Amino acid sequence: MLETTLGLEIIEVVEQAAIASARWMGKGEKNTADEVAVEAMRERMNQIHMRGRIVIGEGERDDAPMLYIGEEVGICSREDAKDFCNPDELVEIDIAVDPCEGTNLVAYGQPGSMAVLAISEKGGLFAAPDFYMKKLAAPPAARNHVDIRKSATENLKLISECLNRSVEELVVVVMDRPRHKNLINEIRTAGARVRLIADGDVSAAISCAFSGTNIHALMGIGAAPEGVISAAAMRCLGGHFQGQLIYDPEIVKTGLIGESRESNIDRLRSMGIEDPDRVYSAEELASGETVLFAACGITPGTLMEGVRYFKGGARTESLVISSQSQTARFVDTVHLVDAPKSIQLK
Ligand SMILES: O=C(COP(=O)(O)O)[C@@H](O)[C@H](O)[C@H](O)[C@H](O)COP(=O)(O)O
Ligand SMILES: [Mn+2]
Ligand SMILES: [Mn+2]
């Protein structure tokens, strides 16, 4: 029902955010790249016949501009919506957004940034706190064979068996952070190759689900909201994804979580998370009956091209995934803004 209600309109939401943000590529201004993406996403979402509520609106951690958690979006959120929205459109839906995932990547002209969102019925997406999350993503063939509770060495052996290749033939993406020093050493010692990324672990997680990307696992600690968005895509694609919240300041030293382990556990409890050590599967992080995911490349990435402008318009590449129709659509769009004199085919 969700997919038929929203149709392909959500593609335009991520496309508009990406087109706005890519104007700031390489300008060294990450907040502006983020801000324009947020505004474009909000504006386009508010033109859609839907009754949406933002459950994940990344931005809190660095005072970045954000779509606020709890913000209502869509025409059918208005008080008089019954007058112009049909019953399907009035059903409440939850939305997780990251209008500019990889703001630093955009600011410094590096690959892997995207505008991204996930949608499900009310309650269908885990409202992740702005904590860190240990993540494990792997290809569909390794789903439920690997486990985040196992060591990287064990998981690499399992992935190699599931993919019928040697560990040396595997590539693992890890975010380039001091906290991953031991993990990186372990992966290298096991024989696999490591691709270090500066930012953007959503793109890396989803890339594991597609063969041909030469990415076979994502390991390490990133942000929890991005974990839920990655899980939404991986659930639809049948890839493996697990996440575990990180609340111990000894593991990640950051202003994001408090300096006391106990107060962090209390904070999680106050958010309804009774077991702070729980390991969440993709199906638990994105548990709704129907899940939709949409992303549009801002800078070029493993799965999508970045935004390319030409005189009079722009060209974008997006990925829309639906659990309902069981499709992953790559959408190549030419945006004709000012009546361009020619439209290049490729
Ligand atoms: O790269 C990221 C930053 O996202 P954004 O703020 O939307 O540009 C995410 O992919 C990461 O998951 C995560 O946010 C990051 O690991 C947390 O930041 P850091 O403390 O620098 O590791
Ligand atoms: Mn992000
Ligand atoms: Mn962001």
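**Questions about His 240 and its surroundings**

User: Which residues does His 240 touch, not counting those up to four places away in sequence?

Analyst: In this predicted model, His 240 touches Leu 136, Ala 137, Ala 138, Pro 139, Ala 142, Arg 143, Asn 144, Val 146 and Met 234. To count as a contact, heavy atoms must be within 4.5 Å.

User: Why is His 240 called buried?

Analyst: The cut-off for buried is under 20% relative accessible area. His 240 has 3% relative accessibility, so the residue counts as buried. You can find His 240 in strand E9, residues 240-246.

User: What makes the pairing of the His 240 and Gln 242 side chains a polar contact?

Analyst: Let's check the distance. The limit for a pair of N or O atoms is 3.5 Å, and one atom must be able to donate a hydrogen while the other accepts it. The two side chains make their polar contact at 2.9 Å.

User: How do you know which residues coordinate the manganese ion (ligand 2)?

Analyst: Donor atoms must lie within 2.8 Å of this metal. Asp 98 (OD), Glu 101 (OE) and Glu 226 (OE) coordinate the ion at 2.0 to 2.1 Å. Their spacing in sequence is D-x2-E-x124-E.

User: What makes E5 and E8 paired strands?

Analyst: Pairing needs at least two bridges. Strand E5 (residues 132-138) and strand E8 (residues 217-223) are joined by six bridges and run antiparallel. Across from Lys 134 stands Ile 221 in E8. Both strands belong to an open sheet of six, in the order E7-E6-E8-E5-E9-E10, with mixed pairing.

User: Why are E7 and E10 called edge strands?

Analyst: Strand E7 (193-197) and strand E10 (279-281) each pair on one side only.

User: Why do the buried residues of H9 line one face of the helix?

Analyst: Helix H9 (residues 261-270) has Asn 264, Ile 265 and Leu 268 as its buried residues. Looking down the axis of H9, they fall within an arc of 100°, so they line one face. Strand E9 is included in what covers them, and that is the strand where His 240 is found.

Note on methods
Residues are numbered from 1 along each chain as its sequence is written. Chains are lettered from A and ligands numbered from 1 in the order in which they are written. This is a predicted model: local features need pLDDT of at least 70, side-chain atom pairs count only at pLDDT 80 or more; totals for chains, interfaces and linings use all residues. Side-chain values use heavy atoms; hydrogens and water are left out. Helices (H or I, at least four residues) and strands (E, at least two) are DSSP runs, numbered from the N terminus. Buried means under 20% relative accessible area, exposed over 50%, partly exposed in between (1.4 Å probe, protein chains only). Donors are N, O and S atoms within 2.8 Å of the metal (3.2 Å for Na, K and Ca); water is not among the atoms, so sites may look incomplete. The arc is that of the directions from the helix axis to the C-beta atoms.
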